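Visitor: I am new to this structure. Please take one part and look at it closely, then show me how the rest is arranged around it.

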Amino acid sequence: MAGRTLSEKILARASGVADARAGDVVEATPDLVMSHENTFLVNKAFSEMGATRPWDPSKIVIVLDHRTPANSMQTASVHSKIRQIVKDMGISKFYDVGEGICHQLLVEEKLARPAQLILGSDSHTTTAGAVGAFGAGIGATEMAGVWATGKLWLKIPETIRISMSGHLGKAVFPKDIALMLAAKIGSSGADYKCVEFTGGFLFDISISGRMVLCNMAAEMGAKAAIVPADSTFSTWYPECGEGKTASCRSDPDAAFSSKMEIEVDPIPPMVSGPDKVEAAGDIAKFEGTPVSQAFIGSCTNGRLEDLIAASWVLKGRKVASGCRLLVAPASRQVLSDAMDMGAVRTIVAAGGTLLPPGCGPCLGAHGGVLGPGDVCISSSNRNFKGRMGSDEAEIYLASPATVASSAIEGRIADPRRYLDVDL
Amino acid sequence: MSTFEGRVWKFGDDVNTDLIIPGRYLDNYDPAYLAAHAMEGASKDFSSKVSNGDIIVAGRNFGCGSSREQAVIALKHAGVGAVVAASFARIFYRNAVNLGLPVLISRDAHDKVREGLSVRIDAKHRSITASDGGVQVAVEPMPEHVARILEHGGLVPYIKTKLGTE
């Protein structure tokens, strides 16, 4: 019998069966569940189900991040209601306004751990795969079902293994690799599948970089994305340390639905847009496009290394007139570290506007909503029409370094002109 | 949930949830408010012209993007009776089933069924037939565990049965 993929191992264990393979439907109990402002909808469905106590409050994580601080009276009431729910149900893993983005906090607080099954009522729950967890997005009503019963039906996905080798080129970042993959795989190429990232290249990038890859797999349709345990994180997570890696890796003879080999070295800085993430290509094709807003932040690229990369580009320079640079750190910790390291000072001195930790304008709710005719270059994950506000605005996606270089020129600009060192 | 009849609204590939219900409307959870903005990013007059029971026929990857359940709430409360697509993004598909909005996969419907035409979907016999009799296309079978939730009218009534809280 063929060996098992990491997802097959995790989902079999979570559903209490000895063996389960891609295509099998299992009833799994998650190790952790997470929801944000949509906890309001979760709780509504939970009450309608006639349930009163969640199956295990210690496994529930709630983060207020999408509209923080409240953008309207309605949101303020939703936030208040959620605080009450947290209190009533005895949920201790609650992160209020200003703590950061849910996907960032799961990793930063070490709540997400290798070989866990994590369900989140947010499509970018795939991000937790950076530490070897199987993270899948679900809806609010089924989250209520999980709260009520501790179980959820899941079809065990096939796995696409992407083996990556080589090193990042000058001013090229994991985001550029993710955009290249989005172009190659397409918006539904990984539908219903798990994407497993492996290969020597992964040793070149940090957990933050791995989070970018796993996060953007959602834009290829992936159910989950996962990085098998390796020395980068096994020292932090003793459960997958030496001699214990078998449960945190696919077997060598596991059956993958497809395998891709990616040579990273030739990949240039990339830009994607407008309207479709898969509309990504070499920055050369986009250079010169005027931009009125530049955003650095989101669960994709609002981490310390992103703010540092932006600050290297911005050091001693100014944001172009006619362009606004907005920066939202992914968490309070990121903000604090970026202050300690001088990145915040550099960003502000260059003319950037600092937003509170949270999702920022990524979802078009507040803090940098686009109007008709605006063109935004953003380090976030979606450039869909109307995503950040007006459907007469355009959104382009890129790495934080490219967003910063574009802010300096007021048009899409190659970061290699500003970052002349090999990182 | 065996047969539905309704007028067809056609949409293309990759209709994402930001088009179905833009993020700027998500701070209000009132279904009627959400319904008034259903499909606004893809068709400005959809919400004013859609009638009860109308059927959306779309291409590949319908409902991709954000997991927002409000996308299904908006469509359902706007009166949409079913969504037929060549394929669905997985979270949208699950949300639709959980909220009792029938979702059916048909490889050929988008190519062969015309906008505005009235069609009859027979889920049991897995076919879509145009009211003028001109076109008939096949629908893929629905997985059994999915059909069970839809038959209850969604996950809330389904779990109520399971918990015995009816």
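Guide: A:Arg417 sits in the segment that follows helix 13 (400-409) of chain A. The model is predicted. A:Arg417 is exposed: 12 other C-beta atoms lie within 10 Å. Its C-alpha atom is 8.9 Å from that of A:Ala171, although 246 residues separate A:Arg417 and A:Ala171 in sequence.

Now take the domains. Chain A splits into domain 1 (6-263) and domain 2 (272-417). Their centres, taken over C-alpha atoms, are 25 Å apart. The two domains touch. On one side stand 33 residues of domain 1 of chain A, and on the other 33 residues of domain 2 of chain A. Which elements give two or more residues to the side of domain 1 that touches domain 2? They are helix 4 (102-108), helix 6 (174-185) and helix 7 (207-216) of chain A. Helix 6 of chain A gives the most, with six residues. By type, this side of domain 1 holds 11 nonpolar, 14 polar and eight charged residues.

Is helix 7 of chain A enclosed or open? Nine of its 10 residues are buried, so helix 7 is largely enclosed by the rest of the structure. The buried residues are A:Ser208, A:Gly209, A:Arg210, A:Met211, A:Val212, A:Leu213, A:Cys214, A:Asn215 and A:Met216. What covers them? The cover includes helix 4 and helix 6 of chain A. It also includes strand 9 (194-198) and strand 10 (224-226) of chain A. Helix 9 (298-301) and helix 10 (304-314) of chain A are part of the cover too.

Follow strand 9 of chain A next. Four of its five residues are buried, and the strand is mostly covered. Strand 9 pairs with strand 8 (residues 159-165) of chain A in the parallel sense, over five bridges. One bridge can be named: A:Ile160 has A:Val195 in strand 9 as its partner.

Chain A also has an open sheet of five strands, in the order 4-3-2-5-6. The pairing in this sheet is parallel. Strand 4 (93-95) and strand 6 (134-137) of chain A are the edge strands, and each pairs on one side only. Neighbouring strands of the sheet are turned by 15° against each other on average, direction ignored. Look at strand 4 of chain A. Strand 3 (residues 60-63) of chain A pairs with strand 4 over three bridges, in the parallel sense. There, A:Val63 stands opposite A:Tyr95 of strand 4.

Step back to the whole of chain A. Chain A has 13 helices and 18 strands. Its radius of gyration is 21 Å, close to the 22 Å that the globule rule gives for 423 residues, so chain A is as compact as a globular protein of that length. The C-alpha atoms of chain A fill a box of roughly 60 × 50 × 40 Å along the principal axes. Of the 423 residues, 62% count as buried. Contacts reach along the chain as well. Among those in chain A between residues at least 6 apart in sequence, 77% join residues at least 24 apart.

Next comes the partner chain. Chain A brings 43 residues to the contact, and chain B brings 35 residues. On the chain A side, helix 2 (39-48), helix 3 (73-89) and helix 5 (140-149) of chain A are the elements that give two or more residues. Helix 5 of chain A has the largest share, six residues. The chain A side divides into 14 nonpolar, 18 polar and 11 charged residues.

Chain B itself has eight helices and seven strands. How does its radius of gyration fit a compact globule? Chain B has 15 Å, and a compact globule of 166 residues would be near 15 Å, which agrees. Its C-alpha atoms fill a box of roughly 45 × 40 × 25 Å, along the principal axes. Buried residues make up 54% of the 166 residues in chain B. For contacts in chain B between residues at least 6 apart in sequence, 68% join residues at least 24 apart.

Conventions. Residues numbered from 1 in each chain as written. Chains lettered and ligands numbered in written order. Predicted model: local features only at pLDDT ≥ 70, side-chain atom pairs only at ≥ 80, totals over all residues. Domains from an automatic or database assignment. Contact = placed C-beta atoms within 7 Å. Nonpolar A, V, L, I, M, F, W, Y, C, P; charged D, E, K, R; others polar. Buried ≥ 20, exposed ≤ 12 C-beta atoms within 10 Å, placed from the backbone. Rg over C-alpha atoms; globule rule 2.2 N^0.38 Å. Pairing = 2+ DSSP bridges. Axes fitted to C-alpha atoms, helices over the stretch in contact; angles between N-to-C directions.
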